[in-house]
Amino acid sequence: MTNDTGPGGGTFALEIENLNIHAHTTGKTLVDGVSLALRRGEILALVGESGCGKTMTVSAVMGLLPPGVHKASGNIRILGENTAEWSSEQYRNIRNERVSIVMQNPMSAFDPVLTIFSHFSETMVSHGYDGKKSRSTAMEALREMGFGEPSVILDLYPFQMSGGMLQRVMLAIALLSHPPVIIADEATTDLDLVSQKRILILLKDYSKKNDCALLLITHDFGVAASLAQKIILMKEGKIVESGEVKDFFDNPKSDYARNLLFSHRALYTERFRRIKEVIEA
Ligand SMILES: Nc1ncnc2c1ncn2[C@@H]1O[C@H](COP(=O)(O)OP(=O)(O)O)[C@@H](O)[C@H]1O
Ligand SMILES: [Mg+2]
């Protein structure tokens, strides 16, 4: 169903319907019947242990499945349009304009011999920005991501910055075109707690201000509990549980979720408290 007649109305920003992803190299089903729907302004946490198929799911959304892996069936709609109809050329244009992804390990995404401004330029050129305005546009994007002196940052090289700063630069670049759908795939996993929190707050505020749909992939229940309204738990390629965050934590339905929550309870309630404290400050 594409059109949503419930409160809020309109089309879902991101909709996945019965997605199946196969690896022809190993003959394995990596994603098995996954469906989800996300409106603008909503935050959905996608959780599950390493290898359960979270990254494959969002790689399919981005049109970026790795070699040897293919979408066997299912529909993916972004702003109501079925992505199966897009050519790779169209997909390239749609990435960043309609949907952007930020991943973990920011250092590997940067070219060590290029300044931060050069990284912005590359993206801007591919999006047809006005060359004369590009420096001021980049500065504005950095300011939105909490940089007080963006002109200084633009002339730095990646090695001169911390992981947390680079991740914020990545976000600034990814959000240049103000895409209505943002995917954060373990975007804060490699960072220290302070940088993690800072980025999560930025993402949350940004998506609220710009009415974005945010798909937040995390293995951290504290992050899911404090930021998201909805949650989906995956295991071995399948969805085992989905619903409102509050129901999930208060009253998990599956044994799998119950056991996971039980073993992580001390950890996530403490992290939940600390993250919430900062976010609500
Ligand atoms: N290129 C590939 N070819 C075949 N299988 C892969 C490939 N990349 C990852 N996988 C497998 O796909 C499964 C899902 O991986 P992934 O989506 O990255 O998990 P997650 O992001 O939840 O940790 C894993 O079992 C992984 O081993
Ligand atoms: Mg992953």
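Predicted model: local features only at pLDDT ≥ 70, side-chain atom pairs only at ≥ 80, totals over all residues.
Visitor: What makes β1 and β4 a pair?
Guide: Pairing needs at least two bridges between the strands. Eight join β1 (residues 14-23) to β4 (residues 69-78), so the pair qualifies. The two strands run antiparallel.

Visitor: How do you know that β4 and β5 count as paired?
Guide: Two bridges join them, and at least two are asked for, so they count as a pair. These strands run antiparallel too. Arg 77, for one, has Asn 82 in β5 as its bridge partner. β4 and β5 form a hairpin with two residues between them, and Leu 79 in that turn has a positive phi of about 50°.

Visitor: In what order do the strands of the four-stranded sheet come?
Guide: The order is β2-β1-β4-β5, with antiparallel pairing. It's an open sheet.

Visitor: Why are β2 and β5 called edge strands?
Guide: Because β2 (28-38) and β5 (81-82) each have a single partner strand. One side of each is therefore left without a neighbour in the sheet.

Visitor: What makes β9 and β10 a pair?
Guide: Again, check the bridges: six join β9 (residues 230-235) to β10 (residues 238-244). The threshold is at least two, so they pair, antiparallel in this case. Ile 232 has Ser 242 in β10 as its bridge partner. In their hairpin, which has two residues between the strands, Glu 236 takes a positive phi near 45°.

Visitor: Why are the buried residues of α4 said to be on the same side?
Guide: Ala 138, Ala 141, Leu 142 and Glu 144 are the buried ones in α4 (residues 134-144). They cover an arc of only 155° around the axis, so they sit on the same side of the helix. Their packing partners are α3 (116-126), α5 (150-154), α6 and α7 (193-209).

Visitor: What follows each of those helices?
Guide: Just after α4, Gly 146 takes a positive phi of about 85°. α3 is followed by Gly 128, whose phi is also positive, near 70°.

Visitor: Which residues touch the most other members of the largest nonpolar core?
Guide: Leu 215 and Leu 216, out of 71 residues. Helix α6 (residues 163-174) supplies the largest share of that core, eight residues. Leaving aside neighbours within four places in sequence, Leu 216 is in contact with Ile 43, Leu 44, Ala 45, Ala 184, Leu 227 and Ala 228.

Visitor: And what makes up the shell around ligand 1, by class?
Guide: Six nonpolar, eight polar and one charged residues. The closest of the 15 are Ala 23, Lys 54, Thr 55, Met 56 and Pro 66. Helix α1 (residues 54-62) gives the most to the shell, with three residues.

Technical notes: Residues numbered from 1 in each chain as written. Chains lettered and ligands numbered in written order. Core = buried A, V, L, I, M, F, W, Y, C linked by C-beta atoms within 7 Å. Buried ≥ 20, exposed ≤ 12 C-beta atoms within 10 Å, placed from the backbone. Contact = placed C-beta atoms within 7 Å. Near = placed C-beta within 6 Å. Nonpolar A, V, L, I, M, F, W, Y, C, P; charged D, E, K, R; others polar. Arc of directions from axis to C-beta.
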